[in-house]
Amino acid sequence: MPTQYQYRYVTLTKETEVYGTAGAVSLTGEVDDESIQHQYDMMARSDMSYLGTKKALAGKTHSEGGINLVCQPDDFCAMILRGVYNSYTFTTGSATVAHVMTESTAVNTGSAAAQYLQQLPSFNVKVGREDKTHLYTGMCISRVSMAANVGEYVTMSADFVGRQEGTLTALTVPTFDGGADDGMHFAQAEVFFDDGSGTAPTDAGDLIKSFSLEWNTNLNTDSCCGLGSRVYTVRPAPQLREITGTLEFSRPVITASNDEPDYAAAQNSAGLIYDPAAARMAIKLVLTDTASPVNTLMIEINKVIWDAPVMNVSGRDASTMSLGFTALVDAGGIMSKVSWGNSSTQTLA
């Protein structure tokens with residue numbers, strides 16, 4: 001059994017516009033587990049004069065892995081979502097919109113620092129593992145997921161990829177950013193739908209049994225190395241952006257009462273798209289905690305196409321219905337928005 005629990009931690013430090021260089025914003029989170037590892041491609045030579053491989057060399061070197069944690073209304077969790085958004089605004093101490101993130105398609109031809117704000121950020125990741133602190137620089141987030149069932153904590157996970165592991169350093173006792181916070185709980189959650197019919201979306205949370213949501217940036221790691229280097233020299237650039245999710249309803253929605261997609265509409269062979277007016281969103285997920293004042297996480301998906309509904313009956317269990325969805329780019333060129341409210345005085349820009 002480990003005895004150095006206080007030395008087990010994950011710290012994220014947002015990097016400056018200079019790839020691999022730590023900036024000033026450094027946060028340590030309450031993480032359940034991590035799996036970030038140093039890796040390299042092995043190049044081996046085998047020729048006909050020998051019975052086996054005679055020569056080998058380490059090729060492209062990088063680090064990758066992930067973390068799992070409970071979603072808390074702290075800046076560490078906000079930083080994780082900051083890693084998959086390139087547009088960010090900050091309002092100090094707001095319980096509803098302290099950190100607001102969305103996609104930006106604006107072209108920025110200003111200074112290097114200004115252009116960096118239009119990119120997905122990279123991080124120094126420090127992992128305390130009881131004996132030494134392991135440093136991974138130039139780490140970008142390739143995937144973030146969030147999920148919860150009724151009566152459970154909302155959980156998060158994030159996958160990172162970046163440069164090779166750095167030099168081992170001494171351990172420090174961290175100060176956890178969310179040490180005074182508890183996790184978001186699905187008992188304090190609401191889900192809203194808008195089918196574009198003209199009526200404002202209303203609470204449909206009483207039918208939602210579970211949800212999952214995932215952001216994928218599909219980072220291009222093949223273009224990070226150049227001739228003469230086996231390590232990443234530039235940030236992995238995002239490619240096709242994907243936002244997908246699944247909602248499970250506690251019973252089949254045969255007749256919609258709160259704009260949720262019903263079974264008949266969702267099985268439309270042409271596909272069911274929710275594309276409301278520009279001022280509204282197709283799906284809005286609102287999570288809160290029990291603090292005073294209440295902290296709020298609001299995730300808005302502007303336009304979605306629903307998967308075919310999935311229903312099943314098993315044994316004596318009641319029938320349920322699951323609906324997957326894929327976010328689409330709306331008329332304004334945007335897919336989603338995250339408004340993270342807490343008492344923060346720390347910008348994540």
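Pro252 is in contact with Met311, Ser319, Thr320 and Met321, leaving aside residues up to four places away in sequence. The structure is a predicted model. Pro252 sits in the loop that runs between β13 (242-249) and α3 (263-266). Its relative accessible area is 17%, so Pro252 counts as buried; the cut-off for that class is under 20%. Ser336 lies 84 residues from Pro252 along the chain, and the C-alpha atoms of Pro252 and Ser336 are separated by 27 Å.

The loop between β13 and α3 also holds Asp259. Phi of Asp259 is near 70°, a positive value in a residue other than glycine. Asp259 is buried, at 14% relative accessibility. Glu130 likewise has a positive phi, near 75°, and is not a glycine. Most residues other than glycine have a negative phi. Glu130 belongs to the loop between β8 (123-129) and β9 (133-149). With 31% relative accessibility, Glu130 is partly exposed.

Helix α1 spans residues 75-82. Eight of its eight residues are buried, so α1 is largely enclosed by the rest of the structure. The buried set consists of Asp75, Phe76, Cys77, Ala78, Met79, Ile80, Leu81 and Arg82. The N-terminal end of α1 is capped by Asp74. Here a side-chain oxygen of Asp74 lies 3.3 Å from the backbone nitrogen of Phe76.

Thr217 is placed in the loop between β12 (208-216) and β13. It is buried, with a relative accessible area of 2%. Beyond residues up to four places away in sequence, Thr217 touches Val84, Leu120, Ile141, Ser142, Pro238, Gln239, Leu240 and Arg241.

The largest pocket holds about 320 Å³ of space.

A search of the whole structure finds one cavity of 30 Å³ or more. The space in the largest cavity is about 90 Å³. Its lining is formed by Val191, Phe211, Ser212, Leu213, Leu247, Ile283, Lys284, Leu285, Ile299, Ile301 and Phe325. At least two lining residues come from each of β12, β15 (283-288) and β16 (296-301). Nine residues of the cavity lining are nonpolar, one is polar and one is charged.

Strand β16 also contains Glu300. At 10% relative accessibility, Glu300 is buried. Apart from neighbours within four places in sequence, Glu300 contacts Met281, Ile283, Lys284, Met335, Ser336, Lys337 and Ser339. Among these contacts, Ile283 and Lys284 are also found in the lining of the largest cavity. Glu300 and Glu30 are 270 residues apart in sequence. In space, their C-alpha atoms are 26 Å apart.

The cysteines were examined next. A search of the whole structure finds zero disulfides. For Cys224, the closest cysteine sulfur is that of Cys225, at 6.4 Å. That distance is too far for a bond, because a disulfide requires sulfur atoms within 2.5 Å. For Cys225 the closest cysteine sulfur is in turn that of Cys224, again 6.4 Å away and too far for a bond. The accessibility of each residue was also computed. Cys224 is buried, at 1% relative accessibility. Cys225 is partly exposed, at 24%.

Technical notes. Residues are numbered from 1 along each chain as its sequence is written. This is a predicted model: local features need pLDDT of at least 70, side-chain atom pairs count only at pLDDT 80 or more; totals for chains, interfaces and linings use all residues. Side-chain values use heavy atoms; hydrogens and water are left out. Buried means under 20% relative accessible area, exposed over 50%, partly exposed in between (1.4 Å probe, protein chains only). Helices (H or I, at least four residues) and strands (E, at least two) are DSSP runs, numbered from the N terminus. A polar contact is a pair of N or O atoms within 3.5 Å; within protein, one must be able to donate a hydrogen and the other to accept it, and residues adjacent in sequence count only if both atoms are side-chain atoms. Contact means heavy atoms within 4.5 Å. On a 1 Å grid over the protein atoms alone, a cavity is a set of points where a 1.4 Å probe fits but cannot get out, and a pocket is an open set with protein on both sides within 12 Å along at least five of seven lines; lining residues have an atom within 4 Å of a point. Grid points are joined across faces, edges and corners, and a volume is the space filled by probe spheres set on the points. Ala, Val, Leu, Ile, Met, Phe, Trp, Tyr, Cys and Pro count as nonpolar, Asp, Glu, Lys and Arg as charged, and the others, Gly among them, as polar.
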